[in-house]
Structures are given as structure tokens and as C-alpha cells.
Amino acid sequence: MEEKQVTVIIPNYNGRQLLKKCIETLECQTVRFRLIVVDNGSTDKSTELASDTIDIDWVKLKQNTGFCGAVNAGIRLVETPYFILLNNDTEAEPDFVEQLLDAIQDSEKIFSCSAQMLQYGRRDYIDNAGDYYTALGWAVARGKGKPAADYSRAAEVFSCCGGAAIYRTDAVRKIGLFDERHFAYLEDVDMGYRARIYGYRNCYAPAAKVYHVGSATTGARYNEKKVFLAARNSVYLIYKNMPPLQLAVNLPLIVPGILIKWMFFVRKGFGRDYLRGIREGIRQRGKCQKVPFYPENTINYVRIQMSLWGNIFRILFEK
């Protein structure tokens, strides 16, 4: 029997039917893996699910700890060199795990690899092909809503979407787990940013494909809680990862970036929720743990800054 190289971690909250389909697609994978499902205090009998072919290691939390708390509970149990985070509202192609393993094993400097996440209802269109992060303070899903054929090549990305991505276990333990202050949203961008500070790379692996329902747990693309958390976490992300000089360089773009986002959410009916999140982020920023600045990482900060500027043009002119 081949040795398991990877653990798949699925966070779940009242997603029994979606989770059942997700596990069924994992039963057809071409390589062996360990499966951990972390349940966030569901009340829909999710934890009664079983598989005929996969042993499921259940972690049953008493309350909803958000995405971050759930996946961290799973990561602490990982004994394999790599682990995959997978949303419960996804269905994977049979070689999904194998393709992600092949991608991350290409170099020891690769921290994470993002799968090609396709829209569940329009399977020829991208849901996420890795994430951009910009000097405006915006995180943007690369390729969202665009034809999958345009995103068929592997590429380096700023960060990987935690909905379907593989991570190097020892590197995560070196730089730290997901920040549970985020609860949910932008925690994967924060993780990818932190990895880049330490000199790692994040990549996009288009051969690994999953179909993503999207917003299955939150119930909508935009709602009061989601807008609030994303706005608050956007402040945390900046405060934690940018040393003072980099913050000063980017502030002239971050401020208009916030204003533009606020006007967008005003039109959507969530302007107050967005501002409330920004205010909460500013008030609570001191409780976040900043990434330590080490002079030997200066070149990594320079590379990150070039990406922050370049990604503005990429999101504006992406085909």
C-alpha cells in the first residue's frame, strides 16, 4: 500500500447534503489520502454521514468557530507532508488530489497551490483561479466569471483560495496557522501574504479541478455579516502584514480604495455594514499579531510591493 502523502480537511456547518456529494467525489480519487471533516456545531445531523470506501476522522466542535477555527482544528491533527483544504460545497474531479500533489512537489519553495475552481452551474467558467491582492487593499478572485479556457496554464499567484488548495505542512507550522481573529473571509489571503514575506511562493494548478456551488453556508454573495467581516478583516490584513514604511507607501491608494468599496456597497445596500467593519478593524487592530519584520526578508517585501502595484493593472486589464 502506498504511503499517504496528503490529508484532506473539510470544514462543515449545517451542510449535510452538500458534504455528502463532496465526499462521494473524493471516493473516486486516484491516490490515497486521509480525510478529516471538522464540524462547526451543526444541527442537521451532518456528523452521521459515513463513507463505504474512506475512513472519515470527525472533529466535532461544540460551536461555530468559523472557517479559521475549523480548519486549524484539522491542521493540528495532520501528520502528512501536505494537506488540502476543501469547501463542503465542492465536487472534485477524480485526479484532483493527485494533480495538487504533483503541483506542490515541483519545488520546496512552493507554499500552496490553488485548484481551478469552476462554477457549479456553468462548468466552463472560472469561480477562482487564485487570488490577486492590490495596493488598493483589495483582494480579487482571479478569473472569476471568465471562460476556463483562458486560465488553462499554471501560474504564480499572490495567494490561494482556501476553498480548494494544498499547503505544505511544515511551512504552515513555521509561519503559523490561520488567524482565528478573522473568523472567515480573507484569512487565505492573509496566509498567502505571510508566506510570501517568508520567501515562499503560491501557485495556481489548473489541472486540479473542482466545481464550486459558492456561498452555500452564508446563503448569499453579499449579506450584512459577510460585508462586515470582509471589511474588518481587510484592515487586519493590512495592519498585520505591512511594516510602517510599506503602509506609508500604500496609504495614498488604500484610502481611495476604501472609499470606492464603500460607494460600491452603498449601491448594494450594505454601506453601513462596510463602514462598521472598517471602524471595527481600526479599533481592534492592536489585538492582532503583526508579522515580525526581519531585515533578511527585505527583498521579499520589495517583491510583494511590486505585486501589489502590478495587480492593480492586472485586475483592470485582465481578459
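**A guided look**

The side chain of Gln 116 makes a polar contact with the side chain of Tyr 204 at 2.9 Å; a polar contact is a pair of N or O atoms within 3.5 Å, where within protein one must be able to donate a hydrogen and the other to accept it, and residues adjacent in sequence count only if both atoms are side-chain atoms. This is a predicted model, in which local features need pLDDT of at least 70 and side-chain atom pairs count only at pLDDT 80 or more, while totals for chains, interfaces and linings use all residues. Residues are numbered from 1 along each chain as its sequence is written, and side-chain values use heavy atoms, with hydrogens and water left out.

User: Is Gln 116 buried or exposed?

Analyst: Happy to start there! Gln 116 sits in strand β6, residues 110-119 (helices, H or I of at least four residues, and strands, E of at least two, are DSSP runs numbered from the N terminus). Leaving aside neighbours within four places in sequence, its contacts (heavy atoms within 4.5 Å) include Ile 126, Tyr 151 and Pro 206. Buried means under 20% relative accessible area, exposed over 50% and partly exposed in between, with a 1.4 Å probe and protein chains only. Because its relative accessibility is 3%, Gln 116 counts as buried.

User: How many residues of helix α2 are buried?

Analyst: Helix α2 covers residues 66-75 and is mostly covered. Its cover includes strands β1, β2, β3 and β4 together with helices α4 and α5. Phe 67, Cys 68 and Val 71 are among its buried residues.

User: Which helices are included in what covers the buried residues of α8?

Analyst: Helix α8 has 14 residues, 271-284, and reaches 20 Å from its first C-alpha to its last. That is close to the 20 Å expected at 1.5 Å a residue, the expected span being 1.5 Å times one less than the number of residues. Its buried residues include Tyr 274, Ile 278 and Gln 284. The cover includes α6 (224-241) and α7 (244-268).

User: What separates the C-alpha atoms of Gly 310 and Thr 134?

Analyst: Gly 310 belongs to helix α9, residues 298-317. Since its relative accessibility is 17%, Gly 310 counts as buried. Gly 310 and Thr 134 are 176 residues apart along the chain, yet their C-alpha atoms are separated by 7.7 Å.
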